[in-house]
Amino acid sequence: MRLKDQRVVILGGTSGMGFALAELALEEGASVVVAGSSPDSAAKAGERLGGRVEAIHLDIGKEAEVVAAFERIGSLDHLVTTAAKLTYAPVGELSVEAVEAMLGSKFWGPFFASRTAAPRIRQGGSITFFTGLASDRPGPGTSVVSAVNAGLEGFARALAVELAPLRVNCVNPGVVRTEGWGFMPEADREKFFDGLTKSLPARRVGEPRDLAEAALAVMTNRYVTGTVLHANGGGHLA
Ligand SMILES: NC(=O)c1ccc[n+]([C@@H]2O[C@H](COP(=O)([O-])OP(=O)(O)OC[C@H]3O[C@@H](n4cnc5c(N)ncnc54)[C@H](OP(=O)(O)O)[C@@H]3O)[C@@H](O)[C@H]2O)c1
């Protein structure tokens, strides 16, 4: 078991890849805390995981909520952030509220969480941020998504130096079949996934478990820090 007796905190772990990582971490012997922004999603995730995790709710973009959560959590071994509230739209059409939600979930959140958690992370532990393919392969409508992901990768590299020997890494997913695509009508989504299945070098769209395995790899490999693991089916080449 690769996480036996270790404590893993996944902010964003009530859905998608974070949820898949919670399942994998449990299989690997960890005790797990998952957090989402809504009490409902936290309660449902707790039930889906058979009551084997501590499921909490907080807004990762609000420092006081993050600090209060880590005061309750105490010591841990691995912090992972997957939280995201993103809006895909042309730059001229993005509302300030939408941009604030993106910054809150994918920049301020990792900033608050990492600086609060770092002193509580035991020796040999790690911090892992989830970024995304748009950081280096942006498309129309992804300007701020690209900015927050690229910014987070720079932040992680700097933290890996500043917080050493605590290891800090990013996992950069390509398109993965998660609840995060729920904003798209089902028919459009399936057409999009079908197109990618034909064009991606891996000839498949990612599943949450693929990314959970990628995160576990950087969390547990004691020689990996300051790096970005791209798990995207070859999306950076297609
Ligand atoms: N899916 C993809 O194809 C894809 C591609 C590239 C990158 N990524 C990145 O990979 C990560 C995981 O994506 P996913 O698709 O697995 O996500 P997801 O299924 O949409 O889940 C997002 C999680 O974040 C939580 N969350 C959102 N805003 C939050 C906030 N302010 N405070 C606390 N929790 C918050 C959600 O909880 P609530 O539901 O309660 O809000 C949920 O647990 C994200 O960072 C995403 O940007 C995803």
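So, going from the N terminus, the elements of the protein chain run β-α-β-α-β-α-β-α-β-α-β-α-α-β. That comes to seven helices and seven strands, where helices (H or I, at least four residues) and strands (E, at least two) are DSSP runs numbered from the N terminus. Before I go on, this is a predicted model, where local features need pLDDT of at least 70, side-chain atom pairs count only at pLDDT 80 or more, and totals for chains, interfaces and linings use all residues. Residues are numbered from 1 along each chain as its sequence is written.

Okay, overall shape. The radius of gyration of the protein chain is 17 Å, close to the 18 Å the globule rule gives for 238 residues, so the chain is as compact as a globular protein of that length. That radius is taken over C-alpha atoms, and the rule is 2.2 Å times the number of residues to the power 0.38. Along its principal axes, the C-alpha trace spans about 45 × 40 × 35 Å. Of the 238 residues, 45% count as buried; buried here is 20 or more other C-beta atoms within 10 Å of the residue's own, with C-beta atoms placed from the backbone.

Now let's look at strand S5, residues 121–130. How many of its ten residues are buried? Seven, so to speak a mostly covered strand. On one side, five bridges join S5 to strand S4 (residues 76–81), and the two run parallel; strands pair if DSSP finds at least two bridges between them. To get from S4 to S5, the chain goes through helix H4 (residues 96–117), and this β-α-β crossover is right-handed. Right-handed means that, with the strands pointing away from the viewer, the path from the first strand over the helix to the second runs clockwise.

Last stop, the ligand. It is surrounded by 32 residues, and the closest are Gly16, Gly36, Ser41, Gly132 and Gly180; a residue is near if its C-beta atom, placed from the backbone, lies within 6 Å. Helix H1 (16–27), strand S2 (31–36) and H4 each supply at least two residues of that shell, and the largest share, three residues, comes from H1.

Definitions and conventions
A residue is buried if 20 or more other C-beta atoms lie within 10 Å of its own, exposed if 12 or fewer, and partly exposed in between; C-beta atoms are placed from the backbone.
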